[in-house]
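Dear colleague,

Please find below the structure that I am handing over to you, followed by a short account of what was found in it. I would be grateful if you kept the structure open while reading.

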Amino acid sequence: LRDTRARLKSISTSRPFLAYIVVVGVLLALYFFVIASNIYVSETTFTIRGREQTTQPTILSSITGSGSTPLTETSEVENFIESQQMMNKLNARFNLRHLYSRPRLDLINWMPENNSDEDFQDFYNRMVKVKIDHDTFLVTVEARSFDPKTAHDIAQAVLGFSAEYVDHLSRSIRDDTLKAANGELGKAEEQ
């Protein structure tokens, strides 16, 4: 036992870099093999038809008052998936706040249940990631959870809520276009 301590002390004083590597390696092994929670990822990919840029006022531009800023539908879907509105819908269905705050040793993948809404949003955005391929207009959603079924269910719910959002967005654009066309028709008939 004394020989082991003497060797460790000798290594730590004569070769501090080696001692640092050994300590970091032991800490990483301890974290990954003992403390870290299993994280399951479910991925879903979808595309949106009608990919052209819209110049009609969109819901987002109507709310922000920015006029007719051209945004692609895929960008709006990306913003919706990362939004507090989507997080609240998923929280209502899956009780995400409770799911993410269950007691576990892994403090990196844990959130206190009484976290602020902003911290909850940040944690949600770590657990539900969205990627857009702007060349192919593919939307990829990765849902992370602590069991495979919940990860799959969250990904499917994001897909469903996104489809509803796109349908609503398309209806709004179609209604706005029809309203503008009818207005132009009325002006033309008056002349």
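I begin with D117, which is located in helix α7, a helix that covers residues 117-127. The model is a predicted one.

Next come the helix pairs. Two packed helices are described by the angle between their axes and the distance between the axes. Helix α5 (residues 84-94) packs with α8 at an angle of about 130 degrees, and their axes are 11 Å apart. The two helices α5 and α8 are therefore oblique to each other, and their crossing is right-handed.

Helix α8 (residues 148-190) also has helix α4 (residues 73-81) as a partner: their axes come within 10 Å and cross at roughly 130 degrees. It follows that α4 and α8 are oblique to each other. In passing α8, α4 makes a right-handed crossing.

Finally, please look at the surface. A nonpolar patch there is formed by F17, Y20, I21, V23, V24, L27, L28, L30, F32, F33 and V34, with about 1200 Å² of accessible area together. One of these residues, V24, lies in helix α2 (residues 16-35). V24 is partly exposed, its relative accessible area being 30%.

With kind regards

Definitions and conventions:
Residues numbered from 1 in each chain as written. Predicted model: local features only at pLDDT ≥ 70, side-chain atom pairs only at ≥ 80, totals over all residues. Heavy atoms only, no water. Patch = residues over 30% accessible without salt bridge, like charges linked within 9 Å, V, L, I, M, F, W, Y side chains within 5 Å. Areas by Shrake-Rupley, 256 points an atom, 1.4 Å probe, with all protein chains shown as cover. Salt bridge = Lys/Arg side-chain N within 4 Å of Asp/Glu carboxyl O. Helix = DSSP H or I, 4+ residues; strand = E, 2+ residues; numbered from the N terminus. Buried < 20%, exposed > 50% of the residue type's maximum accessible area, 1.4 Å probe, protein only. Axes fitted to C-alpha atoms, helices over the stretch in contact; angles between N-to-C directions. Parallel < 35°, antiparallel > 145°, perpendicular 65-115°, else oblique. Left-handed = near helix turned anticlockwise from the far one by under 90°.
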